[in-house]
Amino acid sequence: MTVSELRALSAELEGRLSPSALKVLQKRYLKRTADGEPLEAPADMLARVAENIAQADLLYQPGESLDATIAEFFSVMAGLEFLPNTPTLMNAGRELQQLAACFVLPVEDSMESIFGAIRDAALVHQSGGGTGFSFSRLRPKNDLVRSTMGVASGPVSFMRVFDMATETIKQGGTRRGANMGILRVDHPDIVEFIRAKEDEHILNNFNISVGVTEEFMGAVLTGGDYALRNPRDHSEVGRLNAREIFDLIVDLAWKNGEPGIVFLDRLNRDNPTPSLGEIESTNPCGEQPLLPYESCNLGSINLAIMLKDGAVDWDRLRRVTRTAVHFLDNVIDMNRYPLPAIEEMTRGNRKIGLGVMGWADLLVELGIPYDSDEAIRLGHELMGFIEEESIKASEELALDRGVFSNWGESIWKERGRRVRNATLTTIAPTGTISIIAGCSSGVEPIFALAFIRNVMDNTELPEAHPVLERVLKERGLYSEGLMKGIASVGGLHDMDVPDDLKRVFVTAHDVSPEWHIRMQAAFQDHVDNAVSKTVNFPNQARPEDVERVYLLAYELGVKGVTIYRDGSRQDQVLNIGEVKRKGSNGDRAAQMELGPQGTPIMPVRPSRSPVLRGETLEKVTGCGSLYVTVNEDDFGPREVFANMGKAGGCASASTEAIGRLISLAFRYGVPPDKIVKQLRGIRCHVPLGFGPNQILSCPDAIGKALADKYHLGSGNNGKAVGQLEIPLAVAQGACPECGGAIEHEGGCMVCRACGYSKCS
């Protein structure tokens with residue numbers, strides 16, 4: 001590719017990329033100098049990747065020209081039709097050359113194996129990968145250790161060692177280590193494991209899932225008991241009521257999203273090489289079941305642009321699918337593996353995971369609501385098409401390159417299909433690559449239809465979903481005020497727009513949990529591996545709502561479930577004290593706090609601006625003059641100071657305390673009318689005055705001052721002030737880098753405003 005051609009393509013590509021895409025590429029993907037300055041443009045990066053991955057063709061066709069393959073690979077990436085996983089974009093053609101995203105490492109019941117797995121995980125994390133572990137083979141706590149005549153400490157204690165080791169390693173300079181920890185439901189320490197992340201400051205580098213079995217689920221449905229077995233000798237060591245354990249899983253998931261559940265028997269039902277071993281774990285986000293020492297490289301097709309004349313462009317989808325399978329198979333040969341055992345297993349089975357992103361965008365382009373039978377039918381049809389085209393592409397590769405080494409021991413031989421790859425399809429969370437592609441993530445609904453982007457001079461501009469913006473303009477409904485309103489709540493539900501738009505442009509929180517699971521199941525029916533999907537619940541959801549989804553997931557045949565109830569985690573704001581957010585606070589940080597674990601949590605407003613506007617009202621009480629100062633910020637009343645005209649004394653202390661508590665309530669969005677209702681009418685021993693102007697006490701005076709300030713009458717004739725509006729970014733949890741709204745997907749957190757992401 002000539003310099004002039006690359007420059008032309010670079011300009012064209014950058015014109016296609018959103019500001020968020022450019023930001024995430026510059027920050028995380030492009031080659032940089034020691035000072036952090038980019039050494040390549042986005043087109044340079046894609047050319048680097050295409051040229052490197054195409055080199056694998058020479059292993060099978062020595063001496064052949066690579067020009068056509070390079071052009072083909074570059075074209076699908078630069079056209080944003082397909083993108084490989086992050087490690088491939090970051091590392092292909094560079095010194096590290098570690099291209100796989102996920103690995104599973106074995107943990108056997110010995111100190112040598114346990115600490116060997118920690119060492120191996122360190123090497124994987126250092127290279128930019130995530131790791132999955134099953135701790136089910138470790139003997140339970142207090143079990144006898146014959147070699148020392150001591151007692152075992154159990155799986156959860158060793159998980160903490162893995163977690164601490166992960167904490168010390170920075171993944172590839174750009175990615176923090178992430179782990180999946182799985183324990184079988186019939187392990188004797190299962191209750192301790194289920195409760196392991198009840199304290200959210202423990203195991204922060206782990207997602208955890210309970211490995212449930214058909215035996216267990218059958219007992220849940222009948223209300224019966226099931227056996228606990230010591231993994232050392234598989235002997236039965238006790239029995240538990242399955243329903244009680246299931247309820248505990250549900251309760252903890254409701255409280256903070258963990259543990260998830262993985263249906264182990266289903267993973268092994270679809271294990272393509274059962275003679276090589278049992279699948280016991282997945283990668284950190286749950287979509288890739290793997291044998292010990294296997295890795296998998298992933299990539300996703302952008303469905304948002306697979307359109308032609310208002311319908312799915314099947315020919316284009318076929319072409320991109322075939323190219324993507326070729327690309328991902330080449331990645332296996334070009335990868336530099338962190339361990340010899342991983343290289344041997346990966347090359348033996350040659351698993352790839354081709355998935356999709358932009359599904360919700362495709363639906364809105366077609367005018368199909370996400371939560372509809374029509375969307376479910378299209379999901380089945382579309383993923384079935386990708387599945388079959390992937391198999392055909394793998395068969396064509398096998399003609400030239402041979403079947404994967406373990407094909408003779410695989411289910412593919414039984415089916416009579418000679419394929420190059422043991423698995424072909426996976427639907428992964430596509431947080432950052434979907435930002436680069438400018439589309440929705442995976443098969444998730446759209447998270448927010450608009451958000452506020454901070455630009456130069458602290459100007460805030462609303463950025464809307466492009467299809468919504470186009471439709472609103474076509475109908476003459478578009479305005480900046482409407483866009484800011486949508487950005488403040490994320491969706492159209494409270495907006496003055498036609499009902500047909502509200503029906504099509506639904507967001508993750510508009511979609512009921514049951515429809516989330518139905519969509520996951522539709523895609524799972526045509527996916528070799530698994531589907532990463534987060535089932536979103538509103539904060540007010542009950543544990544029985546979570547239970548219903550888990551049972552539906554079992555009924556519909558999905559392989560695992562991850563749920564998230566809005567506001568249920570302290571790390572929804574990423575366990576940091578401050579969030580950098582420009583705006584009315586300048587460069588000050590926005591302090592984010594949540595209430596006690598397991599209780600309903602209200603969203604918290606940004607920290608106090610240095611300058612607030614306010615006024616002071618005087619109320620004469622039996623104890624003297626009381627001065628009530630009410631200060632406001634951009635979201636309404638912010639704080640209250642109540643001071644007696646004379647200093648000191650119990651009355652002064654009490655009024656100061658009441659003011660502090662009211663200020664705290666305002667921070668959590670409590671409206672003034674609710675506070676007035678609680679304060680007005682409280683009596684003390686020295687009321688003052690008569691009739692409606694009578695002041696019964698200092699609390700009554702503060703309530704009446706707020707009522708005067710906000711025109712709240714004593715009956716129903718007053719003008720009530722509703723719930724204070726809190727920005728979506730604050731309500732959902734804020735990004736530590738830009739203050740944007742955090743999305744939860746498959747165990748990861750992603751900010752679409754700036755590209756920040758974090759797994760676990």
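Helix axes are here taken as lines fitted to C-alpha atoms over the stretch in contact, with angles running from 0 to 180 degrees between N-to-C directions. The structure described is a predicted model. In this model, the axes of helix α4 (residues 67-78) and helix α12 (residues 314-334) come within 10 Å, and their crossing angle is roughly 115°. Since angles of 65 to 115 degrees count as roughly perpendicular, α4 is therefore roughly perpendicular to α12. The crossing of α4 past α12 is left-handed. On the side of α4, the contact is formed by Thr69, Glu72, Phe73, Val76 and Met77, and on the side of α12 by Arg319, Thr323, His326, Phe327 and Asn330. By residue class, this contact of α4 with α12 comprises four nonpolar, four polar and two charged residues.

Helix α6 contributes Met111, Ile114, Phe115, Ala117, Ile118 and His125 to the contact, while α7 contributes Phe158, Val161, Phe162, Ala165 and Thr166. Nine of the residues in the contact of α6 with α7 are nonpolar and two are polar, with no charged residue present.

The largest nonpolar core contains 148 residues, and the members that touch the most others are Phe216, Leu303, Trp359, Tyr550 and Val561. Helix α15 (residues 373-401) gives the most to this core, supplying ten residues. Another core, of 23 residues, lies apart from the largest one and includes Phe666, Ile695, Leu706 and Leu712. The surroundings of Val561 were examined individually. Beyond its neighbours within four places in sequence, Val561 is in contact with Gly260, Ile261, Phe263, Ile517, Val535, Val549, Tyr550 and Ala553. Tyr550, one of these partners, is itself listed with Val561 among the core members that touch the most others.

The loop between α15 and α16 (411-415) holds Ser405. With a relative accessible area of 63%, Ser405 is exposed, because the term applies to values over 50%. When neighbours within four places in sequence are set aside, Ser405 is in contact with Arg347 and Gly348. Ser405 and Met345, although separated by 60 residues in sequence, lie 9.7 Å apart in space, C-alpha to C-alpha.

Note on methods:
Residues numbered from 1 in each chain as written. Predicted model: local features only at pLDDT ≥ 70, side-chain atom pairs only at ≥ 80, totals over all residues. Heavy atoms only, no water. Core = buried A, V, L, I, M, F, W, Y, C linked by side-chain atoms within 4.5 Å. Buried < 20%, exposed > 50% of the residue type's maximum accessible area, 1.4 Å probe, protein only. Helix = DSSP H or I, 4+ residues; strand = E, 2+ residues; numbered from the N terminus. Contact = heavy atoms within 4.5 Å. Parallel < 35°, antiparallel > 145°, perpendicular 65-115°, else oblique. Left-handed = near helix turned anticlockwise from the far one by under 90°. Nonpolar A, V, L, I, M, F, W, Y, C, P; charged D, E, K, R; others polar.
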